[in-house]
Amino acid sequence: YDAKISRPPLDGFSQDALVCRRKILQAACETLVNPRTREEYNQGLMEDALSVELPLEKVPGALCLLQESGENEMVIEAGQSLLKERLPKPLKQDVVLAISLAYVDLSRDAMALAAPDFIAACEMLERALKLLQEEGASNLAPELRTQIDDTLEEITPRCILELLALPLDEDKREEGLNGVRNILWTVGGGDAMAIAGGLSREEYMSEALSLMTSLEQVNLFVATPSNIPAESFEVYGVALALVAQAFVAKKPHLIQQADKLFQQLQQSKIEIDFSLERGLCSLLIGELDECRSWLGLDSESSPSRDPSIVEFVMENSLPGLCKLLECWLVFPRFRDTQDVQFKLGDYYDDPTVLRYLESLESPLAAAAAIVRIGAVKASAIQALSKVFP
């Protein structure tokens, strides 16, 4: 009792609410100090027959005490019911403040879990802030508002990652996708730029991208303003995402877009060779001579020649290049493709893909042969021998 009386809340309750709070505490103390009334009270607890009638003007003081005691759900339920009534302005502000503090307490509970629930914590804080902004006066609890804003800024990036990690069919994931855009566009360029929580942009975006589908990565890349340049790892990921989308959605024109990104990386990252990626992109659109050139298969002096790749192709006989391509087409980094086993036949046997290859005047005999690699026939071997002498 002494502790409660001597430490009233400092969050902006009206003087009337604080007076009511004090009177309720005094009544509680008087009840429990007197042996007879204490016994009656205990009996009422056992029989679940206790009730207290409070005039409306004393309700804010009661809500204040309930919130201090951790009865947050009760405060929110009772408070929201009261807000539906036409309340005097000071009384309404007290009710709004009590509900907001209850939401803040619930957010702390979510953060105190062994595995913090960032989604629930953010949701509670956003409700508190919205309530203060919409129902409270402009001068109501400014310190509390600042505290909520600061906490949201700190934990929202983690909340976004939790939203992205939800099942792909969850509607709330859309909030995570929007959140990544907002963070990326707010932080801007530069992988050393800090995101809340001490993460660099590269660390944060790497984790976020690992929780996204190939199409989501492509859409994010396309939507990002040109004044926010993508980092090299993001460009590389999007290039692979375009290849994955070309297979999944049977859109072979995306291969050429991917190749342009690999070319961009090759020009900007002189120390890294992207010949394998560019060679296999060439193979996917039927440009077999370009493919062999990029991989250095026809010239031992080619700067692009990688002995391990040449050895792999030779070990796998005629369909070696195709085997190399299927090994490369593994996309565990995208959530929509991590369990997909890619087979070239699924791609080259599609009418849309074949029509596209035909429009490029690529050697369709090779494409037809690739389709049949699963069960190599004499006609397929004959076609392949023309392509790979």
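Q: Why is Leu357 called buried?
A: Buried means under 20% relative accessible area, with a 1.4 Å probe and protein chains only. Leu357 has 0% relative accessibility, so Leu357 counts as buried. A word on the source: this is a predicted model, where local features need pLDDT of at least 70 and side-chain atom pairs count only at pLDDT 80 or more, while totals for chains, interfaces and linings use all residues. Residues are numbered from 1 along each chain as its sequence is written, and side-chain values use heavy atoms, leaving out hydrogens and water.

Q: What makes residues 351-359, where Leu357 lies, a helix?
A: Helices are DSSP runs of H or I with at least four residues, numbered from the N terminus. Residues 351-359 form α19, and Leu357 lies there.

Q: Which residues does Leu284 touch, not counting residues up to four places away in sequence?
A: Contact means heavy atoms within 4.5 Å. By that rule Leu284 touches Val243, Phe247, Ile255, Leu325, Trp328, Tyr347, Tyr348 and Leu357.

Q: What makes a set of residues a nonpolar core?
A: Such a core joins buried Ala, Val, Leu, Ile, Met, Phe, Trp, Tyr and Cys residues through side-chain atoms within 4.5 Å. The largest one here has 44 residues, and Phe262, Leu284, Leu325 and Trp328 touch the most other members. Its largest share, ten residues, comes from α12. A second, separate core of 42 residues includes Val75, Ile76, Ala128 and Cys159.

Q: Why is Leu50 called partly exposed?
A: Partly exposed lies between buried and exposed, the latter being over 50%. Leu50 has a relative accessible area of 43%, so Leu50 is partly exposed. Its place is in the loop between α3 (35-46) and α4 (59-68).

Methods. Helices (H or I, at least four residues) and strands (E, at least two) are DSSP runs, numbered from the N terminus.
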